[in-house]
Amino acid sequence: MPMRTPFVGGNWKMNASLASAAALTERLIGSLADLDIQAAVFPPFPYLLRIRGMLAQADSPIALGAQDAYFQRDGAFTGEVSVAMLADCGVTHVLTGHSERRHVIGESDELVGKKTQAVLDAGLTCVLCIGETLGQREAGETDAVNERQARAALAAVTPDHFERLIIAYEPVWAIGTGRTATPGDAQAAHASIRALVADMFDQPIADATRIIYGGSVNAENAAELFAQPDIDGGLIGGASLDADNFTVICRAAAR
Ligand code: PGA
């Protein structure tokens, strides 16, 4: 079975100021200099260039990510940001399908698919987020929802793209709520997603694909979650805004 390099992303969401984002980055540059996992930060758009400059100057292994991108290359799309613009700013990773974009902003499976495709076509790494709501979990629909979202997002994805695809399983009811999936429940969902990738593509691709967990991961629960065989790291919201907590979580992912 191939070794999957663990991935931990800090999704800062619509938080921080320019000053606090720079201070957080400064501390992470110091604490995450020698990790054998892939760590990334996903700051708000206006701070990307500043943070890119800091990471580059320090020769930091921390990757720079963006929280969203539009699928069109350029044109009359007021307020949107293209993948090419992000790449121009040194971004290497982009989130698509985050539950806040699906459920708060109203993005459809189809739009998430177009964005996912645009990110992968541009040669960047895509962190595709999928996951069920509480009602869907209680109705026993977890696997069906994950399957629907994954198939829609990956409809046009080719085997070549998979090297640059990370799937984040983020149960909506666990995001920002302090309520985490049990390691067993998360593992079960991850194993189903891996089986789905094998069904859509093949087993070697499924074995090589990183599937990370998100939803109230913190310094206390990270190690137990990351110890599950199909959990290859995490996407961290609230706890990623604190350098000490994010560092502990990244270290918990190192195998
Ligand atoms: P949380 O967010 O860690 O604050 O629950 C996770 C996410 O939305 O990616």
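## Cysteines

A residue counts as buried when its relative accessible area is under 20%. In this predicted model, C129 has a relative accessible area of 1%, so C129 is buried. C89 has a relative accessibility of 22% and therefore counts as partly exposed.

How many disulfides does a search of the whole structure find? The search finds zero. A disulfide needs two cysteine sulfur atoms within 2.5 Å. For C129, the closest cysteine sulfur is in C126, 8.2 Å away, and that is too far for a bond. For C89, the closest cysteine sulfur also belongs to C126, but the separation is 18 Å, again too far for a bond.

## K13 and Q67

K13 sits in the loop that links β1 (7-11) to α1 (18-31). Its relative accessible area is 18%, so K13 is buried. Setting aside residues up to four places away in sequence, K13 touches F42, P44, Q67, H98, E100, I175 and G237.

Q67 belongs to another stretch of chain, the loop between β3 (63-66) and α3 (83-88). Its side chain makes polar contacts with backbone oxygens. One is the backbone oxygen of K13, reached at 3.0 Å. Another is the backbone oxygen of P43, 3.5 Å from a polar atom of the Q67 side chain. Beyond its neighbours within four places in sequence, Q67 is in contact with N11, W12, K13, M14, F42, P43, P44, L95 and R101.

## S240

S240 is placed in the loop between β8 (233-236) and α11 (243-253). Is S240 buried or exposed? With a relative accessible area of 0%, S240 is buried. A polar atom of its side chain lies 2.7 Å from the backbone oxygen of G237. G237 is also one of the residues that K13 touches.

Not counting residues up to four places away in sequence, S240 touches G10, N11, W12, L24 and F246. N11 and W12 are among the contacts of Q67 as well. A191 lies elsewhere: S240 and A191 are 49 residues apart in sequence, and their C-alpha atoms are 26 Å apart in space.

## Positive phi values

Most residues other than glycine have a negative phi. A16 is not a glycine, yet its phi is positive, at about 85 degrees. A16 lies in the loop between β1 and α1. K13 is in that loop too. At 38% relative accessibility, A16 counts as partly exposed.

S216 also has a positive phi without being a glycine, with a value near 55 degrees. Its place is in the loop between β7 (210-214) and α10 (222-226). Here the relative accessible area is 17%, so S216 is buried.

## Packing of α5 and α7

Helix α5 (residues 109-121) packs with helix α7 (residues 142-153). Their axes are 7 Å apart and meet at an angle of about 45 degrees. Angles from 65 to 115 degrees would count as roughly perpendicular, and those under 35 as roughly parallel. The two helices are therefore oblique to each other.

Which residues make the contact? From α5 come D109, V112, G113 and T116. From α7 come R148, Q149, A152 and A153. The residues of this contact divide into three nonpolar, three polar and two charged.

Conventions: Residues are numbered from 1 along each chain as its sequence is written. This is a predicted model: local features need pLDDT of at least 70, side-chain atom pairs count only at pLDDT 80 or more; totals for chains, interfaces and linings use all residues. Side-chain values use heavy atoms; hydrogens and water are left out. Axes are lines fitted to C-alpha atoms, for helices over the stretch in contact, and angles run from 0 to 180 degrees between N-to-C directions. Helices (H or I, at least four residues) and strands (E, at least two) are DSSP runs, numbered from the N terminus. Angles under 35 degrees count as roughly parallel, over 145 as roughly antiparallel, 65 to 115 as roughly perpendicular and the rest as oblique. Contact means heavy atoms within 4.5 Å. Ala, Val, Leu, Ile, Met, Phe, Trp, Tyr, Cys and Pro count as nonpolar, Asp, Glu, Lys and Arg as charged, and the others, Gly among them, as polar. Buried means under 20% relative accessible area, exposed over 50%, partly exposed in between (1.4 Å probe, protein chains only). A polar contact is a pair of N or O atoms within 3.5 Å; within protein, one must be able to donate a hydrogen and the other to accept it, and residues adjacent in sequence count only if both atoms are side-chain atoms.
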